[in-house]
Amino acid sequence: MAKKPYYITTAIAYTSGKPHIGNTYEAILADAIARFKRKEGYDVFFQTGTDEHGQKIQEKAEAAGVTPQAYVDKIAGDIKDIWDLVGTSYDRFIRTTDADHVKQVAKMFKKFYDQGDIYKGYYEGMYCTPCESFWTESQLVEGKCPDCGRDVKPAKEEAYFFKMGKYADRLIEHINTHPEFIQPVSRKNEMMNNFLLKGLQDLCVSRTSFTWGVPVEFDPKHVTYVWMDALSNYITGIGYDADGNHTDQYKKYWPADLHLIGKDILRFHTIYWPIFLMALGEPLPKQVFGHPWLLQGDGKMSKSKGNVIYADDLARLFGVDAVRYFVLHEMPFDNDGQITWELVAERFNTDLANVLGNLVSRTIAMIDKYFGGTVVKSAVENEEDPDAEFKQTVTSVVAKVRAKADELRIADAISEVFTLFRRANKYIDETMPWALAKDENKKARLNDVLYNLAEAIQIGASLLDSFMPETSAKIFAAYGGETRELDDCASFGLRDSVTVTAIPPLFARIDFKTLAPEIEKIRAEQAAAYAAEMAKAAPEKQAEKQTENTVNADTPPTEEEKTPEISFDDFLKVELRVGEIIACEPVPKSSKLLKETVKFGEETRTIVSGIAKHFKPEEMVGKKVVFVTNLAPRKVCGVVSEGMIMAAEDENGNLALIVPETDVASGTRLG
């Protein structure tokens with residue numbers, strides 16, 4: 001019987017620099033899902049890769065004194081090396097500079113043009129170079145790019161546009177009739193309410209101000225722009241042909257079962273990409289899952305502070321499978337997760353060393369000590385307590401793991417496996433093999449106990465191997481045999497005997513103090529690299545600053561420009577209250593704004609604040625801060641704000657929230 005195909009992809013990584021652990025998490029998550037699907041019996045095709053075109057790449061290459069191709073060759077190689085380091089079992093690593101991809105992108109562009117989906121016009125607006133995005137004045141946030149918060153400049157450029165509205169109603173119907181298409185559900189609501197139901201603008205799909213891209217064959221001064229190029233990798237990578245001559249591989253695997261992406265690019269994958277596919281006459285992917293972000297613990301990961309965390313540094317200090325375990329286990333299903341060096345070390349010791357490593361090592365040691373390395377399956381079915389319950393617990397785990405993994409709740413799936421290992425440790429405490437060993441009449445019972453432990457460890461390792469493949473392989477080497485099929489993990493006692501081989505500890509406990517010097521060295525190297533980068537860019541930045549100062553010369557304020565005095569009665573008009581922030585999340589389309597849900601006594605309000613560069617959402621939850629509560633509501637980036645947070649910012653850009661000195665009830669008024 002032929003295996004059922006399963007096609008999974010990650011977003012392709014942009015070749016602007018080395019990916020940090022938050023970027024790498026996606027590749028590890030996709031790999032875990034792909035491995036588990038293979039274990040379930042699917043014929044899996046797993047694709048990942050790199051996005052290599054655009055103005056930003058061209059500018060970076062020019063600054064480095066190399067060709068764009070040479071630049072992306074280096075960065076794509078670095079990204080592939082990291083993906084390989086963390087054990088991603090991809091079937092294709094696609095690059096948007098690959099010849100087969102470039103050929104099909106050009107053909108798709110022509111196809112869209114010929115069927116009237118694309119037209120030529122001019123794009124005029126405010127342009128953000130780092131994001132390679134045009135914005136209207138109304139879309140800007142405090143005059144800055146709503147995505148990255150950087151400066152924008154007026155620009156006008158000839159471009160081709162895709163008629164997005166032509167397919168909008170069809171897409172809305174598809175989303176409404178396919179509730180599984182966008183996951184989690186909160187992401188679906190965001191796409192519908194913030195974008196689709198408000199009406200779609202036509203999308204710019206070509207550029208003329210740079211040359212590093214897929215040329216538009218019938219209009220050579222244009223290159224294909226960003227998303228039409230990048231998104232189409234999901235079909236070009238498996239043999240799509242715009243003329244209809246698709247490969248057998250494409251016919252087998254499309255539509256994709258899962259596009260796994262970061263929540264920040266959900267709009268492009270659930271609006272632009274489905275519309276492109278509709279225009280091509282191709283079926284839509286079955287599901288797009290927008291996973292949350294993995295954030296630095298204090299919410300302030302930046303090169304300038306030298307505290308960006310990279311997968312290769314983590315793997316060097318903790319091992320690859322420890323990194324995989326941490327990012328898979330610590331990332332919630334639909335909320336952002338946190339990572340710090342300290343948290344990784346803590347999980348390493350508590351879960352990997354204490355629970356798993358200790359179980360594997362002491363079971364091997366007891367089998368070796370009491371039975372010369374081999375225990376046998378008992379021919380007697382008369383089980384003593386707590387054997388029946390122990391075996392039932394062990395064999396029931398596979399169904400729970402399958403259910404969680406099929407829902408993409410990988411953190412919960414791993415937790416179920418570690419529930420098995422924790423139960424095995426408890427079984428040792430209940431049966432006390434060391435006490436049984438003192439009584440020759442209980443040697444058969446001791447054999448049964450140790451056999452049961454070995455069998456449980458085998459089942460646990462078989463369930464773990466999609467998530468921590470190196471660790472599982474070491475356990476199989478120590479206990480003999482190989483990974484079991486999932487169905488076999490529901491059966492206990494499949495082996496007549498188990499012979500163990502001593503191995504080094506899987507995870508030796510770590511004293512964090514011994515790692516601190518190495519971590520500080522990593523941070524110092526990052527800070528030095530950042531300083532060198534800034535020094536190199538300083539002359540250009542200074543020239544920009546001088547130009548800016550010439551145009552907008554700073555002059556001391558006149559008396560009329562100074563803040564006027566107010567009366568006490570005027571002051572009393574401002575209502576200042578202490579509010580408790582009970583929830584906080586980023587505002588879509590903005591890198592500067594946070595949306596806080598604030599409790600003022602019995603009343604709850606939504607307030608938007610431009611503090612995202614200083615605080616992460618999770619840092620804000622639980623804080624009691626002073627707010628202005630009688631401002632007229634106003635809409636900011638589509639969200640109605642019902643107040644204003646109070647904060648102080650010094651000349652160096654340091655921001656401090658205004659908080660009460662001692663704890664007071666939410667809703668308390670100042671004055």
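Which residue forms a salt bridge with Arg 316, and how far apart are the closest N and O atoms? The partner is Glu 518, and the gap between those atoms is 2.7 Å. This pair links distant parts of the chain, since Arg 316 sits in helix α11 (residues 311-318) and Glu 518 in helix α19 (residues 512-551), 202 residues apart. Arg 316 counts as partly exposed because its relative accessibility is 48%, and Glu 518, with a relative accessible area of 25%, is partly exposed too. Please keep in mind that you are looking at a predicted model.

**Salt bridges**

Side chains of opposite charge can pair when their charged atoms come close. Searching the whole structure turns up 44 salt bridges. Here are three of them, with the N to O distance for each.

| Salt bridge | N to O distance |
|---|---|
| Arg 316 with Glu 518 | 2.7 Å |
| Lys 107 with Asp 241 | 2.6 Å |
| Arg 92 with Asp 98 | 3.1 Å |

Let's take the Lys 107 pair next. Lys 107 and Asp 241 are both buried.

In the pair of Arg 92 and Asp 98, it is the side chains that meet. Arg 92 has a relative accessibility of 18%, so this residue counts as buried, the cut-off being under 20%.

Where do salt bridges share partners? One network formed in this way joins Lys 37, Glu 40, Arg 402, Asp 406 and Asp 487.

**Helices**

Now for a pair of helices. Two packed helices are described by the angle between their axes and the distance between the axes. Helix α14 (residues 387-406) packs with helix α17 (residues 443-464) at an angle of about 5 degrees, and their axes are 10 Å apart.

Which residues make the contact? From α14 come Asp 387, Phe 390, Lys 391, Val 394, Val 397, Val 398 and Val 401, and they meet Arg 445, Asn 452, Leu 453, Ala 456, Ile 459 and Leu 463 of α17. Sorted by class, this contact holds 9 nonpolar, 1 polar and 3 charged residues.

Helix α15 (residues 410-431) is worth a look as well. With 22 residues, α15 reaches 32 Å from its first C-alpha to its last, close to the 32 Å expected at 1.5 Å a residue. Just after α15 comes Met 432, which takes a positive phi of about 50 degrees.

Note on methods:
Residues are numbered from 1 along each chain as its sequence is written. This is a predicted model: local features need pLDDT of at least 70, side-chain atom pairs count only at pLDDT 80 or more; totals for chains, interfaces and linings use all residues. Side-chain values use heavy atoms; hydrogens and water are left out. A salt bridge is a side-chain nitrogen of Lys or Arg within 4 Å of a carboxyl oxygen of Asp or Glu. Buried means under 20% relative accessible area, exposed over 50%, partly exposed in between (1.4 Å probe, protein chains only). Helices (H or I, at least four residues) and strands (E, at least two) are DSSP runs, numbered from the N terminus. The expected span of a helix is 1.5 Å times one less than its number of residues. Axes are lines fitted to C-alpha atoms, for helices over the stretch in contact, and angles run from 0 to 180 degrees between N-to-C directions. Contact means heavy atoms within 4.5 Å. Ala, Val, Leu, Ile, Met, Phe, Trp, Tyr, Cys and Pro count as nonpolar, Asp, Glu, Lys and Arg as charged, and the others, Gly among them, as polar.
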